[in-house]
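Subject: The structure we talked about

Hi there,

Here is the structure I promised to pass on. Please have a look at it first, and then read my notes below.

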Amino acid sequence: MPIVVDIDVMLARRKMSVGELADRVGITPANLAVLKNGRAKAVRFTTLAALCEVLECQPGDLLRWDAEEPADA
């Protein structure tokens, strides 16, 4: 899918672990891993808003469109 998830980048910038982010956002580490690794088919706006609040960033800091990424068939 040409949508790339850059949660790892923001985690590194904030020096935060996946477990800490999951706790602060209120989702399971497994669900955060699915999102972080680009395997999610959708993300709720409430989850995206919580991620942005905790990471002090904008949605565009976490999600981007990359035309070079192969689309799922």
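Let me start with the charged pairs: the structure holds four salt bridges. Please keep in mind that this is a predicted model.

One of the four salt bridges joins Arg64 and Asp6, with 2.6 Å between the closest N and O atoms. Arg64 belongs to strand S2 (residues 63-65), while Asp6 sits in the loop between strand S1 (3-5) and helix H1 (7-14), so this pair ties together parts that lie 58 residues apart in sequence.

Taken together, Asp6, Arg64 and Asp66 are linked in a network of salt bridges.

Another salt bridge brings together the side chains of Asp8 and Lys36, at 3.3 Å from N to O. This pair also links distant parts of the chain, since Asp8 is in helix H1 and Lys36 is in helix H3 (residues 29-36), 28 residues apart. Asp8 is partly exposed, with a relative accessible area of 42%. Lys36 has a relative accessible area of 17%, and because buried means under 20%, Lys36 is buried.

Now for the chain as a whole. What is the order of its elements from the N terminus on? The protein chain runs β-α-α-α-α-α-β, with five helices and two strands.

As for its dimensions, the C-alpha atoms fill a box of roughly 35 × 20 × 20 Å along the principal axes. A compact globule of 73 residues would have a radius of gyration near 11 Å, and the protein chain has 12 Å, which agrees. Among contacts with a separation of 6 or more, 66% are between residues 24 or more positions apart.

Buried residues make up 32% of the 73 residues. The accessible surface of the protein chain comes to about 4,900 Å², and carbon and sulfur atoms account for 53% of that surface. On the charge side, there are 9 positive and 11 negative side chains, and the centres of these two sets lie 3 Å apart.

Two backbone positions may also interest you. Most residues other than glycine have a negative phi. Lys15, however, is not a glycine and has a positive phi of about 50°. Lys15 is found in the loop between H1 and helix H2 (18-25), and it counts as exposed at 77% relative accessibility.

Glu56 is exposed, with a relative accessible area of 65%.

Best wishes

How values were computed:
Residues numbered from 1 in each chain as written. Predicted model: local features only at pLDDT ≥ 70, side-chain atom pairs only at ≥ 80, totals over all residues. Heavy atoms only, no water. Helix = DSSP H or I, 4+ residues; strand = E, 2+ residues; numbered from the N terminus. Rg over C-alpha atoms; globule rule 2.2 N^0.38 Å. Buried < 20%, exposed > 50% of the residue type's maximum accessible area, 1.4 Å probe, protein only. Contact = heavy atoms within 4.5 Å. Areas by Shrake-Rupley, 256 points an atom, 1.4 Å probe, with all protein chains shown as cover. Lys, Arg positive; Asp, Glu negative; His and termini not counted. Charge placed at Lys NZ, Arg CZ, Asp CG, Glu CD.
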